[in-house]
Amino acid sequence: MARHRNVRGYNYDEDFEDDDLYGQSVEDDCCISPSTARLYSCLDQMREVLGKTASEQVMVEAVLNSKFDVQKALDFVLAQDSKQNVKTKNEEAVTTGKTTKGKPRDSQSTRIDSKIVPKVTKMTVSGKKQAMGFEVPSVIAEENGHSANTPQKRPSSEDSSVTSGVVELGSKSALPSQTIQIPEEQSTVPTPVKKSSKTRQQIDVKAELEKRQGGKQLLNLVVIGHVDAGKSTLVGHLLYLLGNVNKRTMHKYEQESKKAGKASFAYAWVLDETGEERERGVTMDVGMTKFETKTKVITLMDAPGHKDFIPNMITGAAQADVAVLVVDASRGEFEAGFETGGQTREHGLLVRSLGVTQLAVAVNKMDQVNWQQERFQEITSKLGQFLKQAGFKESDVAYIPTSGLGGENLVTSCQSSELTEWYKGKCLLEQIDSFKPPQRSVDKPFRLCVSDVFKDQGSGFCVTGKIEAGYIQTGDRLLAMPPNETCTAKGITLHDEPVDWAAAGDHVSLTLTGMDIIKINVGCIFCGLKEPIKACTRFRARVLIFNIDVPITKGFPVLLHYQTVSEPATIRRLLSILHKSTGEVTKKKPKVLTKGQNALIELQTQRPVALELYKDFKELGRFMLRYSGSTIAAGVVTEIKE
């Protein structure tokens, strides 16, 4: 132990007090090449003889021409002196008048030189043409537009040999001063280029969108329906038949689901990825994936059917253009989902209220009722009447008999004779392909509603969501509302592939910098700096009241579902009751609202919410109101208060 104590307490400084070589840099002594040192000694000897009668440049030329022979160099200088006497006088007359303006710059440059390379100051002579790489003042003068006032003579062919020894020093002094000036020019040049690329992109964005998709149109599809109707199994089998899930993965799911005692859930596991979802056999969050048909690129969202996860279903439905409603054809199951309290009705109302106008009804599990035409017609007649009341046109609703587990009538028409003898219509994939894509709001200001926030591996963080309007490029500055914070879009990812830009309708992941992740929540809206979205706590809206048990009065507490936002709110005022079809006021300041009524109300939220008027942005003007686990009203924003 004593040995270790001595080592610990040893004073190392005493050993290195005399000659501390480790702390010195190489430049502390003298970083001069041998040829330069030889030149210095020759010049010193010549100055002792000539004094200040000969210029520095002439002496350097003489030394180099005489190959460092001092005697020959002196003879050369004295011989040239008489010949160039008149010429040097003229040069002095011109340069002395001109270099007075440049003296402060020369003094600055020499100060820079002396900091960077010690001992270089010996070589500089103000007022004369400077060879040996000391053109720094003229470089600065050129950049400032004074090239006419400074002599711009370059070293002659005789001077070129100086570079071997002397330019080592000159370049060290010249480069830093150039790098001080040049980056300023480079930083100012690209800005107009970026602007021009944006304006060009703005013109071409629709054409670029068509090119990127290879002529295929984009469509956002949500799959909805009552719990255990077979939504995830149907979608998983559809993806497997399309080749989006390979056989090896599918075989693994089949083996794992058998071990868990849920063999029939194998296809559902394609989109139900979390352990809890697989264990319970219930979809809890919106699963998202992509597949292609003949004419379209489909972003598929598998929404949960359980009553407890309706808020998640609303999030998925709010981002959709079209929907597939899955109903269970087996006896008792359809009735349970369709009657009061079932999710078939509620989901149908929700998607229509959130702007979905086209619907495909997949009558699933038809193999369990032996593809009976009577059962199919019974279901379609009941649903048809309800969907018409909900606001769907008969021409926009299609009914397709399917079997999600068996995979019949999903991708190709069913070959079963029991079905083909009475059903001659399209299969599910053909129906999805025939949907009309909505008009994209590419020309409107940029709007993106955040559906998820997470930390990325690199710098910054990521947000995901659907671009509701406008388009975005990498490097764009964005404003997040309601936090009112600015940030920069460092990267854009579309379907797990990095892209330079994205437009309305795309589900993207943005990598953002310049903002704290704590300030961003699910439901925030990103917009452009020039045309920001408004944030408010009070707004007026026109609402349609659904089937409710409790009448709505002033001060009624509700849960506002808007895009991906779920915010507590209260009905502050009941302004008027409106006529359903004409919109005329039938009663002012009502005391109570009952089911089926159309009314104008004022809502107040606890925290600010970023909203748009329905007339300006249809996608961002719709919302839902829920109370004690059921949807009580759907509405559109008509006026934004403070």
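Colleague: Which strand does N364 lie in?

Modeller: N364 belongs to strand β5, residues 358-364, where strands are DSSP runs of E of at least two residues and helices are runs of H or I of at least four, numbered from the N terminus. This is a predicted model, in which local features need pLDDT of at least 70 and side-chain atom pairs count only at pLDDT 80 or more, while totals for chains, interfaces and linings use all residues. Residues are numbered from 1 along each chain as its sequence is written, and side-chain values use heavy atoms, with hydrogens and water left out.

Colleague: And is N364 buried or exposed?

Modeller: N364 counts as buried because its relative accessibility is 2%, buried being under 20% relative accessible area, exposed over 50% and partly exposed in between, with a 1.4 Å probe and protein chains only.

Colleague: What does N364 touch?

Modeller: Leaving aside residues up to four places away in sequence, its contacts (heavy atoms within 4.5 Å) include A229, G230, L234, D328 and T402. A polar atom of the N364 side chain lies 3.1 Å from the backbone oxygen of A229.

Colleague: What follows α3?

Modeller: The helix is followed by K67, which has a positive phi, near 55 degrees.

How values were computed. A polar contact is a pair of N or O atoms within 3.5 Å; within protein, one must be able to donate a hydrogen and the other to accept it, and residues adjacent in sequence count only if both atoms are side-chain atoms.
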